[in-house]
Amino acid sequence: MGVGVFCYILKGNAADEAGKFSENSFILMTKAGRFAAGRCFFEMTTYSEGKWIGSACRFSGCLWYHDDQEILHGVNLTIPQHGMTALVGPSGSGKSTLAKLAAGFWDVKSGAITMGGHDLKEIPLTQLYEQTAFVSQDNYLFDDTVRENIRMGRLSATDAEVEAAAHAAGCDGFIAELEKGYDTVIGGGGAHLSGGERQRIAIARAMLKDAPVVILDEATAFIDPENEAIIQSAVAHLVKGKTVIVIAHRLSTITGADNIVVV
């Protein structure tokens, strides 16, 4: 039996009253307490003749399954551009699946994801990936130097730009303590770094990329308490002016969200 998706969207510091909601529908609560009920769609980016305009995407009636088990069924969901939307819900509800579908990692089995009216499947992957920065709780780092791992965000970046991104992500402190600083080889998967250090490198990489759409899938999961304030500041800088999708279990990471979608 398929898993249905129930959601409602709370705008900013919405009123406590949630109202009624049904499968694949939403309640939109404004800061003034007004609400509108209707279908959800997913706004993310716009594509036109090889160029991107704004940051808008749409999920319509989307189905996705894995190993013959439905994970998402008939999903219609909207996330406005130039704001932060948090996806919350129990483990296994499909939050990360939605994020990966939005990033173009997988294709929906049925239904459509569109960007500016264009089907996601028709957009060249190289152009799609240029528009999206994805930071997860398990980011892969290459068996290369710290500098080149960060530069993966934008290969044309200068050393100064790489170091500026590292500083903004709170990396420069631990990098300075490495044997060769930015030129230290960190091992396959970043084996020579802690989980929190690897996460900060991934955030620096995303900051360097400067994509209009940012997806954070438990991006602060491995951050130690003493560095949490630094990382929260880095993430705030990363997402400024972007269309942001954030998945997190800790409420402290989504307090600044413009919308909260319960999946």
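What share of the 263 residues of the chain counts as buried? In this predicted model, the share is 49%.

**Figure 1. Overview of the chain and its secondary structure elements.** The chain contains 7 helices and 14 strands. Among contacts between residues at least 6 apart in sequence, 66% join residues at least 24 apart.

**Figure 2. Close-up of the largest pocket.** This pocket has a volume of about 460 Å³. Its lining comprises 16 residues, and those closest to the centre are Phe-105, Ala-133, Phe-134, Arg-205 and Lys-209.

**Figure 3. Elements and residue classes around the largest pocket.** Strand S11 (132–136) and helix H6 (195–209) each contribute at least two residues to the lining of the largest pocket. The greatest contribution, 5 residues, is that of S11. By class, the lining of the largest pocket consists of 10 nonpolar, 4 polar and 2 charged residues.

**Figure 4. Close-up of the second largest pocket.** The space in the second largest pocket amounts to about 240 Å³. A total of 20 residues line this pocket, and Gln-232, Val-235, Val-246, Thr-253 and Ile-254 lie nearest its centre.

**Figure 5. Elements and residue classes around the second largest pocket.** Helix H7 (228–239) and strand S13 (243–247) each provide at least two residues of the lining of the second largest pocket. H7 accounts for the largest share, with 4 residues. The lining of the second largest pocket is made up of 11 nonpolar, 7 polar and 2 charged residues.

Technical notes: Residues are numbered from 1 along each chain as its sequence is written. This is a predicted model: local features need pLDDT of at least 70, side-chain atom pairs count only at pLDDT 80 or more; totals for chains, interfaces and linings use all residues. Side-chain values use heavy atoms; hydrogens and water are left out. Buried means under 20% relative accessible area, exposed over 50%, partly exposed in between (1.4 Å probe, protein chains only). Contact means heavy atoms within 4.5 Å. On a 1 Å grid over the protein atoms alone, a cavity is a set of points where a 1.4 Å probe fits but cannot get out, and a pocket is an open set with protein on both sides within 12 Å along at least five of seven lines; lining residues have an atom within 4 Å of a point. Grid points are joined across faces, edges and corners, and a volume is the space filled by probe spheres set on the points. Ala, Val, Leu, Ile, Met, Phe, Trp, Tyr, Cys and Pro count as nonpolar, Asp, Glu, Lys and Arg as charged, and the others, Gly among them, as polar.
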